[in-house]
2 protein chains.
Amino acid sequence: MNQGGTVGTLTRAGELFQIFRDGQPRTRAELVALTGLARSTVAARLDALTVLGLIGPAGEALSSGGRPASKVAFQPGSQVILGVDLGATHLLVGLTDLSGTMLAQRRVSAEIGLGPEAVLDLALRQAEELLAAAGRKPSELAGIGIGLPGPVEHASGKPANPPIMPGWDGFDVPGYIQRSYPTEVLVDNDVNIMSLGERAAFWPDADELLFVKVATGIGSGVICGGLLQRGADGTAGDLGHVRVQRGAGVFCRCGNEGCLEAIASGPAIARVLNDAGFAALTGEDVLALVRAGNVQAVQAIRQAGRDVGEVLATCVSMLNPQIIVIGGSLSLAGEHLLAGVREVVYSRSLPLATSRLQIVQSRAGAEAGVLGASRMVSDHVLSASMIDAALNSTASTD
Amino acid sequence: MNQGGTVGTLTRAGELFQIFRDGQPRTRAELVALTGLARSTVAARLDALTVLGLIGPAGEALSSGGRPASKVAFQPGSQVILGVDLGATHLLVGLTDLSGTMLAQRRVSAEIGLGPEAVLDLALRQAEELLAAAGRKPSELAGIGIGLPGPVEHASGKPANPPIMPGWDGFDVPGYIQRSYPTEVLVDNDVNIMSLGERAAFWPDADELLFVKVATGIGSGVICGGLLQRGADGTAGDLGHVRVQRGAGVFCRCGNEGCLEAIASGPAIARVLNDAGFAALTGEDVLALVRAGNVQAVQAIRQAGRDVGEVLATCVSMLNPQIIVIGGSLSLAGEHLLAGVREVVYSRSLPLATSRLQIVQSRAGAEAGVLGASRMVSDHVLSASMIDAALNSTASTD
């Protein structure tokens, strides 16, 4: 076979693999019918993918006579991914397979302000213990995904002027991690990653999805046309500093007046309740009051939902999503926050844009970040071009 | 060569062609270096593309000795595209080549309310005359793109409850056109198409672009990640019915209160000026007053810019575009409208999202629709999969 033939076969193996990502086992005959490729071509590509461990035998097809055809399928357990979700005061590390199934996870307290080396060392320690407990070797890692609670330059993986992360600005997170694990390391902000996790785990067919985090801060992840949109400078989804009507006269930590975050975040609601004489300093205190049935707390959180809804109404007109997922700690207040969001979005948007719109609470909950970090890595390493690159480097070192 | 080999060669010819869409001539050796394919594979694929007329000889490379290498390049003149821009009171038909270069155009008056058959017949007559004058045969048409002044179900090409288009709801526009020209016919709303045209002609590298039309109505086209986003129900970009602060108490033709369109569209500004005693009934009247230096008209249009900017500030936070293009008839008021938009967007958005943001007037102007309709067609018919389909059907009828 000439060089072109070999490269051709390898190049297209990555594309062929994409068919398997749905997890369905398939026979060679099915793949021939699906792709129009010759049986010999399919066989060569499956061989290449088998060498990488990405596919393997998966039983036999029912036969109407003669020798039953063997099936092959994606082997998501052939490698593992570490997903790391760093919050302001805790970190969560999860070990998943290539399809995003959570194998094990650990949550520990950690102040992000301790700086990158201390926090990342702590995360690496959890990772090491998770791998050991699962009996997986570092060489089986397909990659590591990391979510940070602040803006990140996605291409370099470096935090960019993060407000609550002293010492992290410009720190080479991938480089630091790769000293321990020389593998793919991808970094993004926590909300982008949560939106990937929520979609992968619960709404895989939703190509138009907004994920809104309402917690100490307010932000969102924007999925349009099936892809996470980061915008020209990586700031897409930054809802927290949109000006809202009720914010007139309220100053935000960003220096502007009337930002959504200044009136609808956990600390903002706590301040209002505190001023009204209730013991509330944080979002958690607000949740406790809501759970205890405190009427003012319920009203305050519903009003926060309306404020969020005011901004989302514009987003609905602009992006026409099919689903808006509300996550973050304040979404744990259940229907109160959602009711406020729905009240405003459905009354302010054109009927055509909301006729099929769902506004729901996050289902991934606290796992959204880790699942999304894993998905960010699998989308990258299982892409056609990355698989082909892996095959080419295998071929060239033969 | 076996069947699989043939299909493989054909399948990848569409991909190879994408390299040529930048218009640069290339030698076979350059293509081998660029793709990693064997020289014989490149030759076979170029042969296939040559049969379709999509590429052809383009001179010789400078040689450092020996026989000079011949170059091949995209032949955008091998086929033509008709772009049709239907407005409320006029229609514009343009003939372009495959790269979107305008070859000829005609503009005639036509009331959209005359209904689809009368208006489309008029457009078809212009098309026929344009083809004849350019000496091109209908068989040389790669496709026809059409923009309509109302919502369109893009997949079927049918208008969907268009407010200003009596008789058009659900009309099979592609089917009607294909009775005269059996070719690809794609339909979308005018603002989506204008955004494609503006980007193709003037901002080809801008993957994050908003195009805002301010005229009798207000709407926008949303380009994210290099792709036009239509949303879950095709309503993405519908800015005109977002509620704005200054709209309190003003009712919109959509039935809601406070819509942007109810206070910042051409008719809305005209009404305000009319109430102040000036002869203004339409957006054109407003423009005439602005051009005559009428202070109230200038102030009114600047305020409309601020109102548009109020909505765009949220869009900037959400989508982080690198460029916002303001088009539509009111943008002809020059800097006054833009000044209002800029004033609000730059003061209300986070510095990171606006540090590189440009807010500019449309350059494509009245041609944006026709250029975009052409681009919609060329993006479709020159896609890798459509070229491969054309090659496969050629191969199977051999």
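How many cavities of 30 Å³ or more does the structure hold? Five. A cavity here is a set of points on a 1 Å grid, over the protein atoms alone, where a 1.4 Å probe fits but cannot get out.

Quick housekeeping. This is a predicted model, where local features need pLDDT of at least 70 and side-chain atom pairs count only at pLDDT 80 or more, while totals for chains, interfaces and linings use all residues. Residues are numbered from 1 along each chain as its sequence is written, chains are lettered from A in the order in which they are written, and side-chain values use heavy atoms, leaving out hydrogens and water.

Okay, the largest cavity. Its volume, the space filled by probe spheres set on the grid points, is about 280 Å³. The lining, meaning residues with an atom within 4 Å of a point, has 22 residues, and nearest the centre lie A:R243, A:T314, B:R243, B:E310 and B:T314. Two elements give two or more residues to that lining: α10 (295–319) of chain A and α10 (295–319) of chain B. By class, you get eight nonpolar, eight polar and six charged residues.

While we're on α10 of chain B, B:V308 lies in that helix. Is B:V308 buried or exposed? It's buried, at 1% relative accessible area; buried means under 20%, with a 1.4 Å probe and protein chains only. Skipping residues up to four places away in sequence, B:V308 touches B:V212, B:V214, B:I218, B:L260, B:A264 and B:V341, where contact means heavy atoms within 4.5 Å.

Now over to chain A and helix α9, residues 283–291. The buried ones there are A:G283, A:V286, A:L287, A:L289 and A:V290. They sit on the same side of α9(A), because they cover an arc of only 160° around the axis, taken from the directions from the helix axis to the C-beta atoms. What covers them includes α8 (266–275), α10 and α11 (335–348) of chain A. After the helix comes A:G293, with a positive phi near 85°.

Last stop: A:S362, in the loop between β15 (358–361) and α13 (368–381) of chain A. A:S362 counts as buried because its relative accessibility is 15%. Its side chain reaches the backbone nitrogen of A:A364 at 3.4 Å. Leaving aside neighbours within four places in sequence, A:S362 is in contact with A:E198, A:F211, A:V325, A:I326 and A:G327.

Methods: On a 1 Å grid over the protein atoms alone, a cavity is a set of points where a 1.4 Å probe fits but cannot get out, and a pocket is an open set with protein on both sides within 12 Å along at least five of seven lines; lining residues have an atom within 4 Å of a point. Helices (H or I, at least four residues) and strands (E, at least two) are DSSP runs, numbered from the N terminus. Ala, Val, Leu, Ile, Met, Phe, Trp, Tyr, Cys and Pro count as nonpolar, Asp, Glu, Lys and Arg as charged, and the others, Gly among them, as polar. Buried means under 20% relative accessible area, exposed over 50%, partly exposed in between (1.4 Å probe, protein chains only). A polar contact is a pair of N or O atoms within 3.5 Å; within protein, one must be able to donate a hydrogen and the other to accept it, and residues adjacent in sequence count only if both atoms are side-chain atoms.
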